2 protein chains.
Amino acid sequence: MSNSKKHIAIIGAGLVGSLLSIYLIKRGYKVSVYERRADMRKQNLDAGRSINLALSNRGIRALESIGLAEQLKETAIPMHGRMMHSREGKLSFLPYGKEGQFINSISRAGLNKVLMSAAEQQGVEFHFEQRITKVDLENTSIEVHHSQTAADHRLPDVDRPKFDLVIGADGAFSVVRQAMQFTDRFDFSQDFIDHGYKELHIPPGSNSTFQLEKNALHIWPRESFMMIALPNPDGSFTCTLFFPFEGNPSFSALKTNEEISTFLQETFTDAVALMPDASNDYKTNPTSSLVTMKCFPWVKNKTLVIGDAAHAVVPFYGQGMNAGFEDCYKLNQLLDQYNDDWDHVLPEFQMLRKPDTDAIAQLALDNFIEMRDLVADPEFLLRKKIEAKINALYPDQWIPLYSMVTFNENIRYSTAYATGQKQKQIMDEVMKTPDIENKWEHLDFAGIVAKLG
Amino acid sequence: MSNSKKHIAIIGAGLVGSLLSIYLIKRGYKVSVYERRADMRKQNLDAGRSINLALSNRGIRALESIGLAEQLKETAIPMHGRMMHSREGKLSFLPYGKEGQFINSISRAGLNKVLMSAAEQQGVEFHFEQRITKVDLENTSIEVHHSQTAADHRLPDVDRPKFDLVIGADGAFSVVRQAMQFTDRFDFSQDFIDHGYKELHIPPGSNSTFQLEKNALHIWPRESFMMIALPNPDGSFTCTLFFPFEGNPSFSALKTNEEISTFLQETFTDAVALMPDASNDYKTNPTSSLVTMKCFPWVKNKTLVIGDAAHAVVPFYGQGMNAGFEDCYKLNQLLDQYNDDWDHVLPEFQMLRKPDTDAIAQLALDNFIEMRDLVADPEFLLRKKIEAKINALYPDQWIPLYSMVTFNENIRYSTAYATGQKQKQIMDEVMKTPDIENKWEHLDFAGIVAKLG
């Protein structure tokens, strides 16, 4: 059967679902995307998710391969490093990588709309406001309930279309994965961390100027918690407070207006000075939880889960979307390699990606500690400086972990993770050198690199 | 409100649900138990689970506290140790503990029936053939569908009774836990192992004699897999083959009658000689999977999960039922301690039990390797002999791990696990002693014990 005769359903018109639909329509499949929400291009919807995202090399490579990278880069704001804000308002800057390496602040909604429109132009059919009430893994079929607000009232209430392949790209709380969960021998875990998050807002200054350094990801590290801020094209910053649900301080401990206002004021003085109504935003905006989801297999018969549906991670490495885009990129590569023979591609795909997505899940958890605590630690900053020096001397032999993950899309996440573990052991030893603060420029760098093997 | 005014629903009339209903009715609550299946006392049902179980001290302590231990011990068959069967049919016996310490082979159905009847006598209401289709955690209410075969046809099809407390004792695939799974910040994991199991049967000999040693748990350790056998009161043995699903050999590799018959014959020669139709049993009996389930919290509002519903474990330590019974015993103790103040008892209960049930989950996974592989290893057997000797000399200071878990109900699983880890480190060192095979009786036992601290 030629590809054009095959009909693939993608559940979810989010970032990964939309991107994947483009890859598949380009391969000649008939592609139908089912989305629970309304068309975000027509209605101004709260995406229910963070407003901006950090797009980096793995995501860009995928966008390049479908010819959309250049267009999207225009709306992205480069962030060259972390700008740390101390309690006293002192700033310090830690570059992400080498000169010219940066990550990009990009609007989730903007990116999603571009992907959907590009997909539609190529012939992908989008069905909005369609709730999937059942996924039939035996028959590669789904049960679709049309929302009451659905535009097309001629449709019946319930449809049960059948496909050659169903792909769940429906996010961390995937209904497709949920169907798999009740089959035998399906491993699954959901692990929430003790912190939740809440968004706050720094508006543009006069004439749409940026009130903080534009080309940086801002961090207010406060040991057990933190706030971050990413720039938006209109000059505003979206701030996200990552804060414990319980304990002191925590979301539950801050109750009265007075407590909230005093806490924000004292903890994030310089940021709050730029927020017209921080306390009110704090009270009005929702508090959301943060979860790591894992499962295996990703394939049951002719149904696949991909992106967050297969491997939701916490946001602290800025790799959630990038990992999902890389899923699509690698799936497309395998389809090339096996001439669209899905019977080979599907098992290969899950075996290839599972170790990588497990690795990024762990890296993301580890990075929370680095961001909220270590970046304010002089020893940690010295360690980063030494690693940057080693990298400058031996650019191919010693690449810092953050760079492997973020800027080296040809290094698998699982390889980056394993190498990072080794580097950490070596650097732990290096940091024991007496008087390291003064001697670090005269270390035996060749010897250090040699230990990595 | 006095206990008698409070109405508690227990979902599941299995071992844990039935036992718990007795504790609660004795405390003066009104107790209703809802069970999906028919009354096993009236219909001869396949329990869908293993036929016999290993009852040991933790389970016995719970049965004693409700006055049923003596009655149940009458039908139990003591097993004093493991009887290993080599490929060549050579037998070797490894005692479980000291003289007089043993575990008990007991019929799952028999035990369940005794518990249900005792509960009913005390006033517990059992509702059989009731499918719970929804658990409302906000309103402590359940939606009950009466099966079509339900005896009482006057009942409406669906009921939505409300309770003061709902307790899910409905096993590894709990519908109560499932309702919790879709609430925010609920951690959950299900992990299947690569092995499944299948039951086989050795009938009684003439005059109901036992064809293998009666008072032992029999093991055919075969490195990557194993078979075990437990005695039944009628002289038969229930054998369970634990075998990989995939690979070679495995359930999927054995396809033809010829392959099955040859494999069983060559691998378990002495056992198969006692089975009238091993190959046919193999083909007819179902293959089941083995899973570890974990979750947290166990409590949402006024709904609790307990036993396998909260912490299903693989069967290799014979502690699944014992851990569930210990849950009930400890919950009852907390109710004593806090005068039935559930607002204190419920959070305390989950905090107390979670580390213990996590520990037994890990111990059960570890013990599979010990049973299928190590018990056939001379070094391992020597290690056991040395530990038994240390225990004889210092009975209070060094208790072997298996004994702590199985015979020392006053040691928490989590303590046993931590102590076992320390003992393993110490014994790893001891086993490096040159010529240990000949010198082991002259080791510095006092020094070894001292290392445990």
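Contact here means heavy atoms within 4.5 Å. With that in hand, welcome to this predicted model, in which local features need pLDDT of at least 70, side-chain atom pairs count only at pLDDT 80 or more, and totals for chains, interfaces and linings use all residues. Residues are numbered from 1 along each chain as its sequence is written, chains are lettered from A and ligands numbered from 1 in the order in which they are written, and side-chain values use heavy atoms, with hydrogens and water left out.

**Where the chains meet**

On the chain B side, B:Arg185, B:Gln190 and B:Phe192 supply 39% of the area that chain B buries against chain A, more than any other three residues.

**Domains of chain A**

The bounds below come from an automatic or database domain assignment.

| Domain of chain A | Residues |
|---|---|
| domain 1 | 3–77 + 104–189 + 290–365 |
| domain 2 | 192–289 |
| domain 3 | 377–451 |

Taken over C-alpha atoms, the centres of domain 2 and domain 3 of chain A are separated by 32 Å.

**A sheet in chain B**

Helices (H or I, at least four residues) and strands (E, at least two) are DSSP runs, numbered from the N terminus. Two strands pair if DSSP finds at least two bridges between them. In chain B, 6 strands form an open sheet with mixed pairing, in the order S8-S2-S1-S12-S19-S18. Strand S8 (125–127) and strand S18 (299–300) of chain B each have a single partner strand, so one side of each is left without a neighbour in the sheet. S18(B) runs antiparallel to strand S19 (residues 303–305) of chain B, and 2 bridges join them. One bridge partner pair is B:Val299 with B:Leu304 in S19(B).

**A closer look at B:Ser141**

B:Ser141 lies in strand S10 (residues 141–146) of chain B. Is this residue buried or exposed? B:Ser141 counts as buried because its relative accessibility is 10%; buried means under 20% relative accessible area, exposed over 50%, and partly exposed in between (1.4 Å probe, protein chains only). Leaving aside residues up to four places away in sequence, B:Ser141 touches B:Lys134, B:Val135, B:Asp136, B:Arg160, B:Pro161 and B:Lys162.

**A helix in chain A**

In helix H2 (residues 57–65) of chain A, the buried residues are A:Arg58, A:Gly59, A:Ile60, A:Arg61, A:Ala62 and A:Leu63. After H2(A) comes A:Gly67, with a positive phi near 80°.

Terms used:
Buried area = accessible area lost by both parts, 1.4 Å probe.
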